[in-house]
Amino acid sequence: MKEMIKNNLQTAHKPSASNTLTNVAAEEPATTANPKPLVGDSKKVHDVVIIGAGPAALTTSIYLTREDIETLLLEKAIIGGMSAITDWIDNYPGFPDGISGLELADKLRQQAERFGAIINVGEVVGVEKVKQHIKVKTTDNQFLAKSVLIASGSDYKKIGITGEKQYYARGVHYCATCDGAFYRGKKLVVVGGGNSAVQEALFLTRFAEHIDLLVRSTIKASDVLAKELAKHPKITTHLGITPQEIVGDSQKVQKVVATDSNGKKRDFITDGVFVFVGLKPNTMFLKDSAIELDSVGFVKTNHNMQTSVGGIFAAGDVRSGATMQIASAVGEGATVALRIRKYLES
Ligand SMILES: Cc1cc2nc3c(=O)[nH]c(=O)nc-3n(C[C@H](O)[C@H](O)[C@H](O)COP(=O)(O)OP(=O)(O)OC[C@H]3O[C@@H](n4cnc5c(N)ncnc54)[C@H](O)[C@@H]3O)c2cc1C
């Protein structure tokens, strides 16, 4: 899996100081979909710059580039976003037997690149309106655009208890697909009671010998998942349990100390902890911008999916009111492409 993710990353192209097709083609690995890697140009004004390369962003880029609207995507991590790190997707239309998240992500990337979308590695750190254009700053570059789409999705929430940071990636994890295989034949604790927690706990039973699922209140997952959970022999669900501390020997995790609904201390001996307690929007880079966010940090948009700043749009999981599904992210991606085209025409 790690190798597949690495290959996926290699398909985004890191812009060099002197952006020419020739010098970059010599430096960068070729891809099957795009044998001559393209890079964004920091000197020209791009038609559209998209922040992120998840399902929403890739769909928008398919629609725009197919109509010859030049589009640059800036991605800080993995092409395909959250979908690329989801083990199996059963509810995305068109795949009656389901599809692996990584395969879906790769198909979206190939389709976007087929029409000429340019995908660069780059973490966006700021967005600002400069006269009639929009400046998008990354950690090592900046790009000008006539229009910008924020499609930066959301990230895992932390529980914020002692030990969580200390044992991060050494026993504390947020991605079952990425790290589950390290726990073959081991004991695990999974924290959370929503769809993601239950879905990922079920996935982790492929590796773990036993899983204690710690749920603060009640199971909030869908009926289908809740039923599957209830009958799974490898998972014990504990309701009303609040984790207080992750304890280890400084090298590896040994137990989770928690309290039950009566305040009584409970210890859960484990080799690792997977946390799935929700998502927070990837909007830190907007903190100094004029773009309006809702009370929990998601980007507010109007019925045209335009933000409070003209020419800047938002789609997918980062948008206030989004339904947090791939099908809806893709739908928003298509809708916003038409809105952006109209904006550029005007
Ligand atoms: C464990 C799990 C299981 C899921 N299972 C399903 C499922 O079965 N079915 C389903 O429909 N949905 C599922 N989802 C939800 C689905 O993955 C998301 O709704 C969907 O991926 C949202 O797409 P998006 O394009 O809006 O955002 P994302 O997929 O989050 O993509 C956003 C991209 O932006 C990038 N980015 C963020 N900040 C910056 C920055 N500053 N600069 C540059 N790039 C940036 C990120 O790296 C990311 O690649 C699951 C999610 C999780 C976490």
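Predicted model: local features only at pLDDT ≥ 70, side-chain atom pairs only at ≥ 80, totals over all residues.
Visitor: What makes up the chain, in helices and strands?
Guide: The chain has nine helices and 19 strands. Buried residues make up 42% of its 346 residues. Of the contacts with a separation of 6 or more, 62% join residues 24 or more positions apart.

Visitor: Is serine 250 buried or exposed?
Guide: Serine 250 has 7 other C-beta atoms within 10 Å, so it is exposed. The cut-off again is 12 or fewer. Serine 250 lies in the loop between β14 (242–248) and β15 (253–259). Its phi is near 80 degrees, also a positive value in a residue other than glycine.

Visitor: How do you know that the span of α3 agrees with its number of residues?
Guide: The expected span is 1.5 Å times one less than the number of residues. For the twelve residues of α3 that gives 16 Å, and the end C-alpha atoms are 16 Å apart, so the two agree.

Visitor: What makes α3 mostly covered?
Guide: Eleven of its twelve residues are buried. A buried residue needs 20 or more other C-beta atoms within 10 Å. Among those that pass in α3 are Pro55, Leu58, Ile62, Tyr63 and Leu64. The cover over the buried residues includes β1 (45–51), β2, α4, α5 (101–114), β8 (142–150) and α9.

Visitor: Which helices and strands supply at least two residues each to the shell around the ligand?
Guide: They are α3 (55–66), β2 (71–75), α4 (81–84), α7 (195–204) and α9 (326–345). In total, 36 residues surround the ligand. The closest are Gly52, Gly54, Gly81, Gly153 and Gly316.

Visitor: How many residues of that shell are nonpolar, polar and charged?
Guide: The shell has 18 nonpolar, 13 polar and five charged residues.

Visitor: What makes the side chains of β7 alternate?
Guide: Ile134, Val136 and Thr138 point to one face and are buried.

Visitor: How many residues lie between the strands of each hairpin?
Guide: Two residues lie between β6 and β7. In that turn, lysine 131 has a positive phi of about 50 degrees. Three residues lie between β7 and β8.

Visitor: Which residues touch the most other members of the largest nonpolar core?
Guide: They are Val136, Val148 and Leu149, in a core of 55 residues. Leaving out residues up to four places away in sequence, valine 136 touches Val49, Ile51, Leu74, Val124, Val127, Gln142, Phe143, Ala145 and Val148. Apart from this core lies another, of 31 residues, among them Ala176, Val256, Val273 and Val275.

Visitor: What makes both faces of β17 covered?
Guide: Gly272 and Phe274 are buried on one side, and Val273 and Val275 are buried on the other.

Visitor: Which strands join β17 by bridges, and how many bridges are there?
Guide: Two bridges join β10 to β17, in parallel. There, histidine 173 stands opposite phenylalanine 274. Four bridges join β11 to β17, also in parallel. There, valine 189 stands opposite valine 273.

Visitor: Why are β10 and β13 placed at the edges of the sheet?
Guide: The open sheet has five strands in the order β10-β17-β11-β12-β13, with parallel pairing. β10 and β13 (235–239) each have a single partner strand, so one side of each is left without a neighbour in the sheet. For β13, five bridges join it to β12. In that pair, aspartate 212 stands opposite threonine 236.

Definitions and conventions:
Residues numbered from 1 in each chain as written. Near = placed C-beta within 6 Å. Nonpolar A, V, L, I, M, F, W, Y, C, P; charged D, E, K, R; others polar. Core = buried A, V, L, I, M, F, W, Y, C linked by C-beta atoms within 7 Å. Contact = placed C-beta atoms within 7 Å. Pairing = 2+ DSSP bridges.
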